[in-house]
Amino acid sequence: MALAVTVALALLAALAPGQDALLNVCLDAKHHKREPGPEGRLYGQCSPWKDNACCTANTSAEAHRDRSLLYNFNWRHCGAMPAKCQRHFIQDSCLYECSPNLGPWIEQVGSSWRRERIRNVPLCREDCERWWQDCGGARTCKENWHQGWNWATGTNRCPWGSMCRPFWQVFPRPQDLCEKIWSGSFSYSPERRGSGRCIQMWFDPARGNPNAAVARFYAGRKRDPPARGEDGAPGSNTAPPARGSHPGSGQALRAGPC
Ligand SMILES: *[C@@H]1O[C@H](CO)[C@@H](O)[C@H](O)[C@H]1NC(C)=O
């Protein structure tokens, strides 16, 4: 009996190649640990990941600095960024650096500073909308923050000829902000927080990390894509992220989270 179960489990494992490789993993990028694990001293907004994280305590603290050593990225390229806006960018950095649940959306890239990136992580609509609302009054000169900056001084400055404008002009809808700012790292999910079908940038660790179940769901779906029309749930076409060419993944990606 025990042998039969063992054989059955081995068969199942063989039939599901790669699924586990998508779960509980860290990106192969600039600051990530090789494997996720407990990090008791994660700082501030990154602390929800402390039970199981891909970031170190140092990375979590750096993520909160105005011009952090992580990417040398300057949030103040068009004047000070309001704190209520900046906290979303900090949370975004925490998710990117600390989350062990982004496996289904990892893509290989041939960039000079990282081997992998994330693409089309389905961000819960409320998290995206709140980010957009709180940043409406901030200013920027660029829609895609991954590339095209003037790095002549060692930090990013607005490229010659670009103008600082309010976020709401550069990103007319929440979707524009979440999807374009990191060149497709996020997709705007129609799913809601708590649905188990979208990634939460913000969560209450007292109830565990809700993104673990979301990663399991999408990892399973990558293995067994639903037949067309099989489930009419909104967002059913968000799996699996397209591979292949993507603008800017190879060159000019000097820095920037996600
Ligand atoms: C993180 O580590 C670097 C290199 O050791 C150090 O320069 C930096 O001050 C540390 N950051 C924080 C916030 O402790």
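Reader: Hi! How many of the 16 residues of H3 are buried?

Author: Thirteen would be the word for it: 13 of the 16 residues of H3 are buried, so the helix is largely enclosed by the rest of the structure. Buried means under 20% relative accessible area, exposed means over 50%, and partly exposed is in between (1.4 Å probe, protein chains only). Helices (H or I, at least four residues) and strands (E, at least two) are DSSP runs, numbered from the N terminus.

Reader: Thanks! Where do these values come from?

Author: This is a predicted model, where local features need pLDDT of at least 70, side-chain atom pairs count only at pLDDT 80 or more, and totals for chains, interfaces and linings use all residues. Residues are numbered from 1 along each chain as its sequence is written, and side-chain values use heavy atoms, with hydrogens and water left out.

Reader: Back to H3, what span should its 16 residues have?

Author: They should span 22 Å at 1.5 Å a residue, and the end C-alpha atoms are 21 Å apart, which agrees. The expected span is 1.5 Å times one less than the number of residues in the helix.

Reader: Nice. New topic: how many disulfides does the structure hold?

Author: It holds 8 disulfides. A disulfide here is a pair of cysteine sulfur atoms within 2.5 Å.

Reader: Which residue is joined to Cys85?

Author: Cys135 is, with 2.1 Å from S to S. The link is right-handed, with 100° about the S-S bond. Cys85 lies in helix H3 and Cys135 in the loop between helix H4 (125–134) and E4, so the pair ties together parts that are 50 residues apart in sequence.

Reader: Are those two cysteines buried or exposed?

Author: Both Cys85 and Cys135 are buried.

Reader: And what about Cys78, which residue does it pair with?

Author: Cys78 forms a disulfide with Cys164, their sulfur atoms 2.1 Å apart. This link is left-handed, at -80° about the S-S bond. Cys78 sits in the loop between helix H2 (57–62) and helix H3 (83–98), and Cys164 in the loop between strand E4 (139–140) and strand E5 (165–166), so parts 86 residues apart in sequence are tied together.

Reader: How accessible is each one?

Author: Cys78 counts as buried at 12% relative accessibility, while Cys164 counts as partly exposed at 31%.
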